[in-house]
Amino acid sequence: AVCKLGVLSGMSFRLYTHERTAGALNLFGYQPTEWDVDRQTIGMVLAAHAAAAIMASHQSDNLRSAVAS
């Protein structure tokens with residue numbers, strides 16, 4: 001199904017927080033061998049930033065809940 005869309009490669013990164021895995025960052029490419037070391041490194045950096053954003057969002061939600069109660 002994805003080949004019909006032109007997707008020929010993909011790479012997934014776990015979004016880790018200190019407590020658990022918070023999800024995944026899935027990247028897709030239109031070339032069959034697009035994921036060299038530089039792109040893998042960029043994906044890891046993006047995944048780390050996304051995990052940090054998720055963790056900050058959860059902390060913000062928890063603070064709002066604590067203040068409201």
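This is a predicted model: local features need pLDDT of at least 70, side-chain atom pairs count only at pLDDT 80 or more; totals for chains, interfaces and linings use all residues.

User: Okay. Which backbone oxygen does the side chain of S9 reach?
Analyst: That of Q31, at 2.8 Å.

User: And which side chain does the S9 side chain join in a polar contact?
Analyst: The side chain of W35, at 2.9 Å.

User: Where is S9 found?
Analyst: In strand β1, which covers residues 9-16.

User: Is S9 buried or exposed?
Analyst: Buried. Its relative accessible area is 10%, and buried means under 20%.

User: What does S9 touch, leaving out residues up to four places away in sequence?
Analyst: L27, F28, G29, Q31, P32, E34 and W35. G29 is also the bridge partner of S9 in β2.

User: How do β1 and β2 run, and how many bridges join them?
Analyst: They run antiparallel, with 8 bridges between them. Strand β2 spans residues 21-29. A hairpin of 4 residues connects β1 to β2.

User: New topic. Where is D36 found?
Analyst: In the loop between β2 and α1, the latter being 37-68.

User: What does D36 count as for accessibility?
Analyst: Partly exposed, at 37% relative accessibility. That label sits between the buried cut-off of under 20% and the exposed one of over 50%.

User: How far apart are D36 and G23 in space?
Analyst: 23 Å, C-alpha to C-alpha. In sequence, D36 and G23 are 13 residues apart.

Notes: Residues are numbered from 1 along each chain as its sequence is written. Side-chain values use heavy atoms; hydrogens and water are left out. Helices (H or I, at least four residues) and strands (E, at least two) are DSSP runs, numbered from the N terminus. Buried means under 20% relative accessible area, exposed over 50%, partly exposed in between (1.4 Å probe, protein chains only). A polar contact is a pair of N or O atoms within 3.5 Å; within protein, one must be able to donate a hydrogen and the other to accept it, and residues adjacent in sequence count only if both atoms are side-chain atoms. Contact means heavy atoms within 4.5 Å. Two strands pair if DSSP finds at least two bridges between them.
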